[in-house]
Amino acid sequence: MTIGFGFIGASDIAKNKMLAAIRNTPDCEVVSVYSSNFERGRAYAAETHIPHAASSLEDLLANPAVNAVYISTTNELHHPQTLAAAQAGKHVLCEKPLAMSLTEAQAMQAACQAAGVVFATNHHLRNAQAHHKMRELIAAGAIGKPIAARVFHAVYLREALQGWRLDKPEAGGGVVMDIVVHDVDTLRFVLQANPTEVVSLSQHFGMSAGTVEDGSMAVFRFDNDVIAQVHTAFTVPYAGNGFEVHGTEGSLIAKNVMHPAAQPEVLLRTARGDQFLELEANEVYSVGVERFVAAIQGQGTPAASGEDGIWSLAGALACLESARTGQKVAIKL
Ligand code: NDP
């Protein structure tokens, strides 16, 4: 059975990452795109060779060739658009952060469950082979009992993306909703643990406007006693990125694993010495699409479920609340 995707949102990520990921997945195609601006949607469809531009969300959802939607609008729209898609019986692959509040995200999951459609979150980083190997090694006891983790994920926001992320809190702008969600998800995946509390500070270094933060440092506690430090920013051009987990018997020290285009490197350091893991390049967005499509076909679960997206949102919202109040904030669903 061919899975026809409808794009909700004529976005940068849909054009530059997801279109190829879907087209590279067997028996999948993108059949329609909906933009709130029909002319822009039509131009987008022509440029990307998507056969149809929908005149409204209803038009896209009424299309029988659309079995699944990929939602990549600004963050405040994910909730109503997911509810509409579920009601129309379409499977939903939704961008992170899932919504603006936990209540909304939970309603999205409930609506998909009630409609019997697959609901997945597009957390791509957990699909990287580096993170899979780190997760496996930790589970196998290669570094003993994990004690602490550090995530370095400060970037310079490329000019093309310097829009709503910087000045629209009502659209879910800010580095915490944009990047911390990925870090919480990757930590959960690698540690196989859930965050329980967070303290954080946010920064306004001149790129963002008003109350929207462009930098954040946070420390999360997980339910396996690990504490994890997370640095994110839109303002830092040369930091590189990394992910470390330190345990009683060893450390995993990874570089270039928080951006899919970078050349990843993972070092296992123990009493036996240093060992670089062998890693094969893998297309993280394609893995996400393949797992989503397999789940639609009744084979397994999505790479990141709706519940995973709810957890990462809970971590990000708690991080924002801690920065706002100066208090440690509990994380619970
Ligand atoms: P974009 O700014 O490219 O698109 C977001 C919305 O903005 C679109 O839905 C579109 O509205 C509107 N828009 C886009 N370009 C224009 C334009 N030139 N003129 C007017 N309106 C425009 O956002 P991103 O692609 O960066 O992000 C979209 C979503 O994807 C967000 O939720 C973000 O968090 C997520 N994301 C996820 C990533 C991942 O790796 N998982 C990476 C990057 C983003 P319309 O709906 O009307 O077409």
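Predicted model: local features only at pLDDT ≥ 70, side-chain atom pairs only at ≥ 80, totals over all residues.
1. Location of the ligand. The largest pocket is the space that the ligand takes. Because domain 1 (3-124 + 286-301) and domain 2 (126-282 + 313-330) both give residues to the shell around the ligand, the ligand lies between them.

2. Composition of the shell. The ligand is surrounded by 23 residues, of which Asp12, Ser36, Asn75, Lys96 and Tyr285 are the closest. By class, the shell holds twelve polar, six charged and five nonpolar residues. At least two shell residues come from each of helix 1 (12-23), helix 7 (164-167) and helix 8 (175-191).

3. In the side chain of Ser36, an N or O atom is 2.5 Å from an oxygen atom of the ligand. An oxygen atom of the ligand also lies 3.2 Å from a polar side-chain atom of His78. At Asn122 the backbone takes part: one of its polar atoms is 3.0 Å from a nitrogen atom of the ligand. On its own the ligand has 880 Å² of accessible area, and the protein covers 76% of this.

4. Cis peptide bond. Most peptide bonds are trans. Lys96 and Pro97, however, are joined by a cis peptide bond with omega about -20 degrees. Pro97 belongs to the loop between strand 5 (91-94) and helix 5 (102-115), and Lys96 is among the residues closest to the ligand.

5. Positive phi. Most residues other than glycine have a negative phi. Asp27, which is not a glycine, has a positive phi of about 60 degrees. The loop between helix 1 and strand 2 (28-34) contains Asp27.

Key: Residues numbered from 1 in each chain as written. Heavy atoms only, no water. Near = heavy atom within 4 Å. Polar contact = N/O pair within 3.5 Å; in protein donor to acceptor, adjacent residues only side chain to side chain. Areas by Shrake-Rupley, 256 points an atom, 1.4 Å probe, with all protein chains shown as cover. 1 Å grid on protein atoms, 1.4 Å probe; cavity = no way out; pocket = protein on both sides within 12 Å on 5 of 7 lines; lining within 4 Å. Sits in = over half its atoms within 2 Å of the grid points. Helix = DSSP H or I, 4+ residues; strand = E, 2+ residues; numbered from the N terminus. Nonpolar A, V, L, I, M, F, W, Y, C, P; charged D, E, K, R; others polar. Domains from an automatic or database assignment.
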